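Trainee: I am new to this structure. Could you walk me through how to read it?

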Amino acid sequence: MAGCRLTCFGLLLLVLLLVCSNFDGSEGRKGKHWRQKKPSYSSLARKKGRGKNGGGHSHGGGGGGGHQSPAPSPKPSPPPKTGYTTKAAATFDVVDFGAKGDGVTDDTKAFQAAWAAACKVGGSTVVVPEEYEFLVGPISFSGPYCQPNIVFQLDGMIIAPTDARYWGSGLLWWIEFTKLRGITIQGSGIIEGRGSVWWTNAESDVDPIHEELSKNLPQIKPTALRFYGSYNVTVTGITIQNSQQCHLKFDNCEAVQVFNMTIASPGSSLNTDGIHLQNSRDVMIHHTNMSCGDDCVSIQTGCSNINIHRVDCGPGHGISIGGLGRDNTKACVSNITVRDVNMHNTMTGVRIKTWQGGSGSVQNIIFSNIAVSEVQTPIVIDQFYCDRSSCKNHTSAVTLSGIAYENIRGTYTVKPVHFACSDASPCSDISLTKIQLEPLQEHYHMYQPFCWQAFGELYTPTVPPIVCLQNGKPTSNHILSDRDLC
């Protein structure tokens, strides 16, 4: 009996020891010798989200099961302000601002209101929706206080008014974007200038209604779409047609891209240049179709680093540098490349034209891989340019040098080459390589290549032979003055 009591006592003691041991172990895991498991990344993210709404840690007993929240970690420094919105880019539809898009109601104010709203938001988009025709008067989408990188999404049609009251005594532009940083015009829409009422000509089949309207319009014709003083400009996808005068102009702009767009006006539409560049640099124009009544591309003074390729031109007057030096002014143009271009039924192909009496220089020009078809005169330098009935003779001229013609081929209808350079400042460093120009048909009025004061080198035989180009450099002792230097 005593042995049984001893055995029971021993078993009871063993149970007590096991229970105590288990109790101490559970308490030990609550002590300092065990580290709390770190919360997962998603848990931290959820806590940050709650913190922004005021629920990050306890304020006056607000939850947490009575446990004191750990001290918050220092807040990271805010990112620097860049002027861009962190939200999805905002869109501003002109219809939401009251535009009717019926082709009759004046929607100018709605466009102005949509732009004013978009101007305040970086990376925003002004939407001109498809299947609408918006009548819009002269309008300027202006900076310089707009946020950068605004998109003008043009999928509908914008039409110009023909009522003379919109134009006053005359304006130089119809639609203008000015002093902007990062502006893109894109979409599948159309800018319709309705320019036929502005084109003055003597054709007998002029519409009597258009003839009556044109009598009331000012003599100054507007450019359809103009960019001024802007940086990082893109125009793509759209069509500009039947402009009153020039279709698309860039003045004092830098970093310009024009591609995959169309310019369309009849060959009889006077002075309707396709793209006009002035005082602009770092411009690329490619994969663009142009038909108009003047130069497909016109490059004026102050332009440099211009690259034009994969362009179709015609009808029109070709691609021209100039006219430069008008009214005894100074002109500077450099680093122009025109390549991989098709020209059909144009007055000239690639042309440089300057007025007598000017100063400055044109240098480092490349015309390469130009295909011409039924072009009157494919290669032209004219330093006696004059679009008046008569022009006064001058001895000074814009200096031309470093002009390369490479792989120019096709058919002409009047003359293959015309080099008319200044007596006082002859053209120098002209190079001709792989020139093959055939007459479309043999007619009595066909002319042979013409050269005057043109110096350079033939690197390959040419068709026809251009024997009039003088080898070497001119012997002129003309000394460049500060007025000549660019």
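Mentor: Gladly. Keep in mind that this is a predicted model. Let us take one pair of residues to begin. Asn289 stands opposite Asp312 in β20.

Trainee: Which strands do those bridges join, and how do they run?

Mentor: Look at strand β18 and strand β20, residues 303-313. Eight bridges join them, and the two run parallel.

Trainee: What other strands pair with β18?

Mentor: Strand β15, residues 254-259, is one of them. Five bridges join β15 to β18, which spans residues 281-291, and the two run parallel.

Trainee: What is the make-up of the lining, by residue type?

Mentor: It divides into eight nonpolar, 13 polar and twelve charged residues.

Trainee: Next, disulfides. What is the general idea?

Mentor: A disulfide is a covalent bond between the sulfur atoms of two cysteines. Now the case here.

Trainee: How many disulfides does a search of the whole structure find?

Mentor: Six. Count the bonded cysteines along the chain, and the pattern reads 1-2, 3-4, 5-12, 6-7, 8-9, 10-11.

Trainee: Can you take me through one pair?

Mentor: The angle about the S-S bond is -110°, and the link is left-handed. Cys119 sits in the loop between α3 (108-118) and β3 (125-128), while Cys146 sits in the loop between β5 (139-142) and β6 (150-154), so the pair ties together parts 27 residues apart in sequence. Both Cys119 and Cys146 are buried.

Trainee: Which parts does the disulfide of Cys332 and Cys486 tie together?

Mentor: The sulfur atoms of Cys332 and Cys486 are 2.0 Å apart. Cys332 lies in strand β22 and Cys486 in the segment after β31 (470-471), so the link ties together parts 154 residues apart in sequence. The torsion about the S-S bond is about -90°, so this disulfide is left-handed.

Trainee: What about Cys421 and Cys427?

Mentor: A disulfide joins them, S to S 2.0 Å. With -105° about the S-S bond, the link of Cys421 and Cys427 is left-handed. Cys421 and Cys427 are both buried.

Trainee: What is the state of Cys292?

Mentor: Cys292 is in no disulfide. The nearest cysteine sulfur is that of Cys296, 4.3 Å away. A pair counts as a disulfide when the sulfur atoms are within 2.5 Å. Cys292 has 0% relative accessibility, so Cys292 counts as buried. Look at Cys303 as well: at 2% relative accessibility, Cys303 also counts as buried.

Terms used
Residues are numbered from 1 along each chain as its sequence is written. This is a predicted model: local features need pLDDT of at least 70, side-chain atom pairs count only at pLDDT 80 or more; totals for chains, interfaces and linings use all residues. Side-chain values use heavy atoms; hydrogens and water are left out. Two strands pair if DSSP finds at least two bridges between them. Helices (H or I, at least four residues) and strands (E, at least two) are DSSP runs, numbered from the N terminus. Ala, Val, Leu, Ile, Met, Phe, Trp, Tyr, Cys and Pro count as nonpolar, Asp, Glu, Lys and Arg as charged, and the others, Gly among them, as polar. Buried means under 20% relative accessible area, exposed over 50%, partly exposed in between (1.4 Å probe, protein chains only).
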